Amino acid sequence: MRSSRPSISFLCGKNSSLTDPLSTLLSLLYRNNNRSFMATPITQNPTPPVDSQDNLDDHLCTILEQHQSSSLFSSDLPSPSFSLGSPSRCLDGEWRIERAWAHWKKLGQPKVIVAPMVDNSELPFRMLCRKYGAEAAYTPMLHSRIFSETEKYRTQEFTTCKEDRPLFVQFCANDPDILLEAARRVEPYCDYVDINLGCPQRIARRGNYGAFLMDNLPVIKSLVQKLALNLHVPVSCKIRIFPNLQDTISYAKMLEEAGCSLLAVHGRTRDEKDGKKIRADWNAIKAVKATVRIPVLANGNIRHMDDVHSCLEATGADGVLSAETLLENPAMFSGFRTVEWAEGNDDTKLDAGLDQADLLIEYLKLCERYPVPWRIIRSHVHKLLGEWFRIQPHLREDLNAQSILTFEFLYDMVNRLRESGTRIPLYTKGSDASRISANGIAACSAGV
Ligand SMILES: Cc1cc2nc3c(=O)[nH]c(=O)nc-3n(C[C@H](O)[C@H](O)[C@H](O)COP(=O)(O)O)c2cc1C
């Protein structure tokens with residue numbers, strides 16, 4: 001029995017740090033400075049300046065060997081979930097659509113889903129969101145070439161456990177063979193292999209992947225076809241929209257014809273990087289949904305459950321992804337709302353009896369169980385307690401001064417916050433309150 005070894009990663013490592021410059025670049029990608037979604041500036045230098053803080057933060061929070069099976073294939077994870085047959089080699093378009101829907105239905109048609117987030121949608125965070133209503137989740141984007149070549153990268157950047165389903169594993173790529181090699185390593189442990197076609201950052205431009213492949217649609221087609229023809233699990237794609245609606249529609253059709261089984265549409269263009277300032281275009285998502293026949297997920301403008309309902313209604317999409325809001329409020333899909341919502345409207349609001357410090361404690365406990373690099377934990381602490389630190393800035397400074405984090409320090413920091421009398425509750429909307437059960441979890445998270 002391996003029940004005491006709850007998570008797996010690819011081959012065992014011990015407190016190893018990512019020294020591969022490309023891996024380091026990747027971990028810097030999307031890193032969030034303060035509240036905005038922006039990449040750390042990357043220079044032409046192939047080895048970005050990494051200070052000693054970063055090196056220490058790349059260490060795992062717990063020794064992996066205590067927690068993991070030594071071999072991927074001897075773990076007690078379930079076998080591949082796509083039991084609808086072999087790769088789609090011989091399937092025509094009609095069959096592929098039917099198969100796409102059969103698979104989606106078998107997964108329970110998840111409606112509320114954790115979006116992919118580099119350094120943020122890792123296993124403990126996914127598990128926390130799942131506890132609070134998320135019905136599926138994406139891994140952070142993994143770099144297909146580094147994943148194929150580098151054992152340390154696989155070990156640290158992809159971990160999962162049997163409760164971590166349904167799961168999308170996302171890769172960036174521009175070479176179909178390399179992508180397939182990476183995808184084959186994860187296909188037994190996920191429900192979709194996803195291709196990142198939406199990353200708008202400079203590093204993606206330089207590496208020629210993500211949203212920059214929108215300039216070279218034949219490459220995108222070859223990536224999708226390669227996976228669709230050779231994998232047992234279906235391939236999904238996460239895209240951004242083009243400035244022109246007709247281009248977006250043609251793009252979506254092309255992806256479907258190439259063998260994509262599910263399409264997540266982030267309703268912003270490649271140049272619309274600031275999600276806080278620029279609203280996602282739900283009309284474009286609606287047009288895609290009306291055009292293709294595979295399941296479509298909508299992404300953008302989801303801050304609380306009212307947005308989930310409005311988005312599903314407005315776009316006709318089969319589910320929604322949320323990213324930034326979940327970082328501040330991983331319980332959002334259970335109906336909990338942040339103070340930002342409470343201050344901005346006249347609905348009856350109730351203190352939910354749960355706050356971000358409670359969620360942080362739960363998250364830390366999950367990290368003790370499922371080890372991750374400290375840099376990831378540090379990032380979640382800042383996002384979860386951002387508002388609290390504004391009231392108690394010396395605690396933020398104290399946190400920043402720690403070159404080496406420990407669980408003891410973090411638990412103590414939460415105690416100090418509480419002892420100082422600081423508390424920012426999460427809220428429920430009056431009419432939702434009855435749906436939230438005594439242990440804080442919504443009886444019916446999406447209710448949609
Ligand atoms: C910290 C962070 C990391 C992200 N990393 C990824 C990623 O790895 N892959 C990806 O496709 N999108 C990534 N995104 C984009 C989100 O998945 C999502 O498309 C975007 O934030 C819009 O959704 P939102 O309005 O709910 O935040 C990231 C976003 C954030 C905030």
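**Figure 1. Contact between helices α11 and α12 in the predicted model.** Helix α11 covers residues 282–291 and helix α12 covers residues 305–315. Their axes lie 8 Å apart and form an angle of about 50 degrees. Because of this angle, α11 is oblique to α12.

**Figure 2. The cis peptide bond between R165 and P166.** The bond that leads from R165 to P166 is cis, and its omega angle is near -5 degrees. P166 belongs to the loop between strand β5, residues 159–160, and strand β6, residues 167–172.

**Figure 3. Q109, a residue other than glycine with a positive phi.** The phi angle of Q109 is near 50 degrees. Q109 lies in the loop that joins helix α3, residues 93–106, to strand β2, residues 112–114. Is Q109 buried, exposed or partly exposed? Q109 is partly exposed, because 13 other C-beta atoms lie within 10 Å, while a residue counts as exposed at 12 or fewer and as buried at 20 or more.

**Figure 4. D119, which has a positive phi although it is not a glycine.** Phi of D119 is about 60 degrees. This residue is placed in the loop between strand β2 and helix α4, the latter formed by residues 123–131. D119 has 23 other C-beta atoms within 10 Å, and therefore D119 is buried.

**Figure 5. The whole chain, as context for the close-up views.** How many helices and strands does the chain contain? The chain has 19 helices and 13 strands. It consists of 448 residues, of which 50% count as buried. Among contacts in the chain with a separation of 6 or more, 76% come from residues 24 or more positions apart.

Notes:
Residues are numbered from 1 along each chain as its sequence is written. This is a predicted model: local features need pLDDT of at least 70, side-chain atom pairs count only at pLDDT 80 or more; totals for chains, interfaces and linings use all residues. Axes are lines fitted to C-alpha atoms, for helices over the stretch in contact, and angles run from 0 to 180 degrees between N-to-C directions. Helices (H or I, at least four residues) and strands (E, at least two) are DSSP runs, numbered from the N terminus. Angles under 35 degrees count as roughly parallel, over 145 as roughly antiparallel, 65 to 115 as roughly perpendicular and the rest as oblique. Two residues are in contact if their C-beta atoms, placed from the backbone, lie within 7 Å.
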